[in-house]
Every structure is written in structure tokens, then in C-alpha cells.
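Take a walk through this protein model, strand by strand and then side chain by side chain. Keep the structure in view as you read.

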Amino acid sequence: MYSVRKWVDRVTQFVNRFKETNNSDGSVTHERVDGEVLTVGTAQSAENFNHMEEGILEGSLLLAEHTRVMNEHCRDIEAMTGEMHLIYLYNSAKYPANNSKKTIALKQQRNNTDYTVNVRVVSAVMPNGVALDGDPAGTAGNIIVTDKLLNGFKIAYTGNAKEVTLEVEVQGGMIPVPEYEDGVAPTGEEGV
């Protein structure tokens, strides 16, 4: 860890006083005339300047590491941030048949299919045409998510409702899958 070095100014009896000497070649030489030195001050030496350089390097390395960690956290947060869909599914088949399966396109393509699809039934219309908030009668049945791809998935319900409205949140799938040199993830077992 960098230790701060407190620099001290050189303080003298006379400030900016010089003795002027005329040289034989016509030039002038100025020689400082400090008078009494009241405070010696910190030397402007290689040791002190290198100490500063080491501190600057250390600060730069710490900033680079903090930036890397922040970027990693941002990717993790982005991966947890979901996208919302309001989906309307319709079934025109006679129960127990059901043709409600629908393909849903994702707003943002995923990097892998390891994402979750959280579903809430908003409303269901029973076969007799009565609409219910939520699904207290269970007419939507089970909600089935299949064929997950990077850019979408399919969703359906298994019940006898004529129409089901779903609120769907998709989370995850944004962290890239690691790439392996030979295309195969290591198993951790030697000689397999």
C-alpha cells in the first residue's frame, strides 16, 4: 500500500535573489543567494520521484482491477435483469385437446439458453366465455415452456380455457458460455 510522503518547501531568508557575474564571452551567470536557510525542504531526488511513480502505478493497477470487477458485476446484474412480456394464448380445440402453443420472440437475444421463464396467469376465459381475474378455477391448467432458444421459446397451457393471458418474465442467459480450446468442457476426471 502506498505511503504518503509529505513534501516540505525549502524556505530561505531571501527569495529569488541572485548574484550576477559577467562572463568573458559576454554571457551572464546567475548564482542563487539564499541567505539563511530556514527550512531545508524535501529533496527533489530520484528516490522521491520514483516513490511517486510507484504510487501512480499502484493506483493505476488498483483502478484497473476495480474496473474489471465492476464490469463483471455489471454483467451479472444485466444477466439478472429480466424482460417482461404480456402474452395472450388461445385454444380453439375441444378439451382435452389444446392448440394454445405459441412462439415468443425475446426482445434481447440471450448468450445461452440457461434462462428462466417466470409465469403468472393474469386472466383466463372459461369455455363458457366467463372471464376470471387470475385463474381461481384452474382453467389454464399447467403452463408449459418448451423449445428454449437464444432468441425465443414456446409456451402453452394444458387446461380447458378458451383464452389465457400470461405475464411472463425472462431472466438470465446473458453471461456467455465459456469457450474451451477443443470445444469440450473439462470433466475434472483424469484419464477419462
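Three strands make up an open sheet here, in the order β6-β10-β9, and their pairing is antiparallel. Strands are DSSP runs of E with at least two residues, helices are runs of H or I with at least four residues, and both are numbered from the N terminus. Two strands count as paired if DSSP finds at least two bridges between them. Why does one side of β6 and of β9 (143–149) lack a neighbour in the sheet? β6 and β9 stand at the edges, each with a single partner strand, so one side of each is left without a neighbour. From one strand to the next, the twist averages 25°. Such angles run from 0 to 180 degrees between N-to-C directions, with axes as lines fitted to C-alpha atoms, for helices over the stretch in contact.

This is a predicted model, in which local features need pLDDT of at least 70 and side-chain atom pairs count only at pLDDT 80 or more, while totals for chains, interfaces and linings use all residues. Residues are numbered from 1 along each chain as its sequence is written, and side-chain values use heavy atoms, with hydrogens and water left out.

Stay with β9 for a moment. It is joined to strand β10 (residues 152–157) by 5 bridges, and the two run antiparallel. L149 stands opposite G152 in β10.

Now turn to β7. It runs antiparallel to strand β11 (residues 163–172), and 10 bridges join the two. There, A124 has V164 in β11 as its bridge partner. β7 also pairs with strand β8 (residues 131–133), in the antiparallel sense, over 3 bridges. In that pairing V125 partners A131 of β8. β7 and β8 form a hairpin, with 5 residues between them. In the turn, G129 has a positive phi of about 95°.

Next come the charges. A salt bridge is a side-chain nitrogen of Lys or Arg within 4 Å of a carboxyl oxygen of Asp or Glu. By this rule, the model has 7 salt bridges. One of them joins E83 and R110, at 2.7 Å from N to O. E83 lies in strand β5 (residues 83–90) and R110 in the loop between β6 (102–105) and β7 (115–125), so the pair ties together parts that are 27 residues apart in sequence. Are these two residues buried or exposed? E83 is buried at 7% relative accessibility, and R110 is buried at 3%. Buried means under 20% relative accessible area, exposed means over 50%, and partly exposed lies in between (1.4 Å probe, protein chains only).

R68 and E65 form another salt bridge, with their closest N and O atoms 2.7 Å apart. They sit 3 residues apart in helix α1 (residues 46–80), so about one helical turn separates them. R68 is partly exposed at 41%, and E65 is partly exposed at 38%. R10, R32 and D34 are linked in a network of salt bridges.

Finally, look at the rings. Rings of Phe, Tyr and Trp (its six-membered ring) pair if their centres lie within 6.5 Å; planes under 30 degrees apart are stacked, over 60 edge-to-face, and the rest tilted. By this rule there is 1 aromatic pair. W7 and F49 form it, tilted, at 5.9 Å centre to centre with 40° between the planes. The pair links distant parts of the chain, 42 residues apart: W7 is in the segment before β1 (11–12), and F49 is in helix α1.
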